[in-house]
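Could you walk me through this structure while I have it open in my viewer? I would like to know what to select at each stop and what is there.

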Amino acid sequence: KRHAFWETQPVGQFKDRGDTSFPEGPIELPIPISEVKQEPYNLPNLYEWTTCDIDSEETCTEVYNLLTNNYVEDDENMFRFNYSKEFIRWALRPPGYFRNWHIGVRVKASKKLVAFISGVPARIRVRDEVVKMAEVNFLCVHKKLRSKRLAPVMIKEVTRRVHLENMWQAAYTAGVVLPTPATTCQYWHRSLNPKKLIDVQFSRLGARMTMSRTIKLYKLPGTTATPGMRKMELRDVPAVTRLLRNYLSQFVVAPDFDEDDVEHWLLPTENVVDSFLVESPETHEITDFCSFYTLPSTILGNPNYSTLKAAYSFYNVSTRTPLLQLINDMLILAKQKDYDVFNALDVMHNENFLKELKFGPGDGQLHYYLYNYRVRHALKPSELGLVLL
Ligand SMILES: COc1cccc(CC(=N)NC(=O)c2cccnc2OC2CCNCC2)c1
């Protein structure tokens, strides 16, 4: 039965789509915390819940190894996301995070970690309402334990723990269609190292294209073009927060970032997140901002390469520098740091640069979901100002 689980949940149901009688907003109302189930859901007998303390080197390594061997692969099973340990620590410890939202499942007998799901708190604005939500991510069940219906009970357990913190909405993404996408995005890739991308079959040589012609097509200047472009520093947090809040205010769904959020999510962290800004050489005003996060992929079964070094567009704001020039400079910086590919979704204003800067469409879509929050009709990607990791 398709979506047997999701038809039991407070999410927009396919059968209700287009029915404008439903108001936009929460589907179920909050209940008193005392009425929330106080004890964890039952797991199949052989398994037990565990809270993963990712500050612990040992436990963080267990989560890293589980994801490295069992997390999301592309449609052709040629690549698997390979989030680094420092990325996992960054992703799971934003301001106000809850340790017990980092939920693992262990085999009782061996204590082996065989599944994981996480939530982090976020303030997400939907139109003119700021809603406290959990961003749920990294749902992973060991390959050997698939179709044991572990995922539904893990989703119910993270939901229960979110309810205990008096939060009633969540945001998540998936490559599969579930009831019911708030937005469906297309992903795009910009080759930085076309020879490697073709060798590992991430890309194909275009028709009537030679390798040398392809390398020339994607060649970038060695240095950036924008005067005053530099890495973001701690002292820039107030100005970047102002710039970003103003930019994000135009989208239907977007994070309601404050300075603590900007410091956590956007201050550069080596091999995790890179962010750059343009400081006007005349006025010293911060006029533009761009950022990407680092998410390598394991290359499955290639004799010459084991890792694809990928950058993912994060938040970009151009108020003075032309968007094309700002993003092209970010591509140049990523190439300087030896990234193989730069990925982006067609969210926010990204469609204004994708084709121009030689991004090619990916072969899949990323669906965004809101839990217990109905949006009248699916948003256009350009109305979405939220990038999940
Ligand atoms: C290249 O290696 C891959 C390894 C696993 C899956 C995919 C395809 C894919 N599913 N890509 C995306 O979901 C994607 C493409 C462009 C931008 N962000 C993305 O996903 C982000 C956001 C959602 N969580 C995963 C990372 C590619």
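This is a predicted model: local features need pLDDT of at least 70, side-chain atom pairs count only at pLDDT 80 or more; totals for chains, interfaces and linings use all residues.

**Stop 1: the lining.** Now colour helix H2 (85-92), strand S5 (113-126), strand S6 (129-141) and helix H7 (259-266), each of which supplies at least two residues of that lining. S5 gives the largest share, six residues. If you colour by class, you will find 19 nonpolar, four polar and five charged residues in the lining of the second largest pocket.

**Stop 2: helix H2.** Stay with H2 for a moment: six of its eight residues are buried, so to speak mostly covered. To see the buried ones, pick Phe 87, Ile 88, Arg 89, Trp 90, Ala 91 and Leu 92.

**Stop 3: the largest nonpolar core.** Next, select Phe 314 and Tyr 315, which touch the most other members of this 75-residue core. Helix H6 (residues 237-248) is the top contributor here, with seven residues. Around Tyr 315, show its contacts beyond four places in sequence, including Leu 244, Leu 248, Phe 257, Phe 289, Met 348 and Val 387.

**Stop 4: the second core.** Finish with Val 105, Met 154, Tyr 172 and Tyr 369, which belong to a separate core of 30 residues.

Terms used
Residues are numbered from 1 along each chain as its sequence is written. Side-chain values use heavy atoms; hydrogens and water are left out. Helices (H or I, at least four residues) and strands (E, at least two) are DSSP runs, numbered from the N terminus. Ala, Val, Leu, Ile, Met, Phe, Trp, Tyr, Cys and Pro count as nonpolar, Asp, Glu, Lys and Arg as charged, and the others, Gly among them, as polar. A nonpolar core is a set of buried Ala, Val, Leu, Ile, Met, Phe, Trp, Tyr and Cys residues joined through side-chain atoms within 4.5 Å. Buried means under 20% relative accessible area, exposed over 50%, partly exposed in between (1.4 Å probe, protein chains only). Contact means heavy atoms within 4.5 Å.
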